[in-house]
Amino acid sequence: QAKEKGRDAHAIYNTEMEEIVQKSLWISSELKRAIVKEQLSLVFQPILDRDGEIVCAEVLLRWTHPEKGPISPAEFIPVAEGSGLIQEIGYWVLKETCYFINRLKARGIVLSSVAINVSARQFNQDLFVENLLTEIMEQGLAADTIELELTEYALLTNLDIIKQRMHVLKESGISIAIDDFGTGYSSLSYLQTLPLSRLKLDAAFVSKIGENDASNAIVKAIINMAHSLNLKVVAEGVETQEQHQFLRDHDCDTFQGYLFSRPLDEEAFIQSLLKPNTIQDGKLTCL
Ligand code: C2E
Ligand code: MG
Ligand code: MG
Ligand code: MG
């Protein structure tokens with residue numbers, strides 16, 4: 001009896017594994033052609049300061065497959081990382097972001113920063129920094145507009161090399177944020193040694209604000225810790241007024257989430273920049 005049950009579980013496990021493997025194979029073979037077939041695009045999500053002013057855009061990659069429709073980056077980025085395709089895709093994102101910044105500039109719009117997600121494998125590539133700086137220079141951009149978002153996974157390899165690389169970036173004016181902060185498993189000691197500018201408080205913490213004293217305490221503690229280390233804090237995934245109010249009351253520096261805006265295409269993003277300031281008396285009115 002027990003043996004049979006075990007065999008069933010095994011069979012189910014195999015089928016699921018098989019599906020996952022098939023899906024990643026499909027993704028990686030289709031993704032290879034996605035760039036040349038112009039299926040990739042970028043969207044931009046506003047990040048607001050305490051006055052409700054849009055100070056930053058996070059660049060988010062989109063893939064629309066002609067038959068399957070939109071495929072989430074949460075699904076295809078890990079596959080691209082595994083297959084090494086992330087180098088090419090990452091480079092494409094970088095280049096397109098520089099064009100985007102230049103188009104904004106041509107319309108008289110200068111953001112204080114534009115944040116680009118960089119995956120661990122991409123950042124740990126030998127020529128990453130060199131390629132990035134070359135691109136920025138060739139497109140005539142000020143490097144200090146660029147912010148890189150790295151997750152803690154990018155910090156799991158040789159920390160000395162990472163530190164050295166980050167110092168080169170910092171000296172060039174590029175700033176670095178830790179994305180999804182609080183969800184990684186690495187020790188916090190890197191916060192003292194790496195030249196970081198910002199922590200992005202993961203949406204998982206933001207969504208629990210108001211649930212109980214412990215979840216509130218964690219959010220407060222992360223903000224206080226960041227500030228005492230001279231780091232700014234961005235709250236990710238802000239969806240309610242209550243969350244926004246709590247974060248403001250506890251000195252969070254900037255805010256991102258559906259409460260303010262979803263990620264937007266370039267034209268819609270520019271339109272939202274042209275709208276006036278949206279927070280009055282600490283309360284958000286509209287966007
Ligand atoms: P992330 O960098 O943490 O980006 C934030 C994600 O949260 C985005 O999902 C964004 O659309 C979503 N989001 C923003 N506000 C809210 C909210 O209020 N509620 C909820 N439920 N979600 C919100 P998206 O665009 O699907 O991207 C998922 C992840 O894929 C990103 O997480 C990032 O890790 C990765 N990714 C996206 N674009 C790129 C890229 O160009 N390169 C790399 N390497 N990774 C990327
Ligand atoms: Mg990010
Ligand atoms: Mg994040
Ligand atoms: Mg994330």
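A pocket, as used in these legends, is an open set of grid points with protein on both sides within 12 Å along at least five of seven lines. The model shown in every view is predicted.

**View 1. The largest pocket and its lining.** The largest pocket has a volume of about 1,000 Å³. Its lining comprises 34 residues, and E58, L60, P73, N117 and D179 are the closest to the centre. Two or more lining residues come from each of strand 1 (40-48), strand 2 (54-65), helix 2 (73-83), helix 3 (86-106), helix 4 (120-123) and strand 6 (175-181). Sorted by class, the lining holds 16 nonpolar, 10 polar and 8 charged residues.

**View 2. D179 in strand 6.** D179 is part of strand 6 and is one of the residues closest to the centre of the largest pocket. Its relative accessibility is 6%, so D179 counts as buried. The C-alpha atom of D179 lies 9.2 Å from that of L148, with the two residues 31 apart along the chain.

**View 3. The largest cavity.** The structure has 1 cavity of 30 Å³ or more. The volume of the largest cavity is about 40 Å³. The residues that line the largest cavity are I47, V55, C56, A115, E147, E149, R198, K200, V234 and T254. At least two of the lining residues are supplied by each of strand 2, strand 5 (146-150) and strand 7 (198-201). In this lining, 5 residues are nonpolar, 1 is polar and 4 are charged.

**View 4. The salt-bridge network of E58, E149 and K200.** Salt bridges link E58, E149 and K200 in a network. Between K200 and E58, the closest N and O atoms of the salt bridge are 2.9 Å apart. This pair links distant parts of the chain, as K200 belongs to strand 7 and E58 to strand 2, 142 residues apart. K200 has a relative accessible area of 0% and is therefore buried. E58 is also buried, with a relative accessible area of 5%.

**View 5. The salt bridge between E267 and R107.** In this pair the closest N and O atoms are 3.2 Å apart. E267 is partly exposed, at a relative accessible area of 41%. R107, at 45% relative accessibility, counts as partly exposed.

**View 6. The salt bridge between R165 and D126.** The side chains of R165 and D126 meet at 3.8 Å, N to O. Because R165 lies in helix 6 (residues 159-172) and D126 in the loop between helix 4 and helix 5 (128-138), the pair ties together parts that are 39 residues apart in sequence. R165 is buried, with a relative accessible area of 11%, whereas D126 is exposed, with a relative accessible area of 69%. The count for the structure comes to 9 salt bridges.

**View 7. D253, buried without a salt bridge.** D253 sits in the loop between helix 10 (241-249) and strand 9 (254-255). Although buried, D253 has no salt bridge, and the nearest side chain of opposite charge, that of K232, is 4.2 Å away. A salt bridge needs a side-chain nitrogen of Lys or Arg within 4 Å of a carboxyl oxygen of Asp or Glu. A polar atom of the D253 side chain lies 2.8 Å from the backbone nitrogen of V233.

Notes: Residues are numbered from 1 along each chain as its sequence is written. Chains are lettered from A and ligands numbered from 1 in the order in which they are written. This is a predicted model: local features need pLDDT of at least 70, side-chain atom pairs count only at pLDDT 80 or more; totals for chains, interfaces and linings use all residues. Side-chain values use heavy atoms; hydrogens and water are left out. On a 1 Å grid over the protein atoms alone, a cavity is a set of points where a 1.4 Å probe fits but cannot get out, and a pocket is an open set with protein on both sides within 12 Å along at least five of seven lines; lining residues have an atom within 4 Å of a point. Grid points are joined across faces, edges and corners, and a volume is the space filled by probe spheres set on the points. Helices (H or I, at least four residues) and strands (E, at least two) are DSSP runs, numbered from the N terminus. Ala, Val, Leu, Ile, Met, Phe, Trp, Tyr, Cys and Pro count as nonpolar, Asp, Glu, Lys and Arg as charged, and the others, Gly among them, as polar. Buried means under 20% relative accessible area, exposed over 50%, partly exposed in between (1.4 Å probe, protein chains only). Lys and Arg count as positive and Asp and Glu as negative; His and the chain ends are not counted. A polar contact is a pair of N or O atoms within 3.5 Å; within protein, one must be able to donate a hydrogen and the other to accept it, and residues adjacent in sequence count only if both atoms are side-chain atoms.
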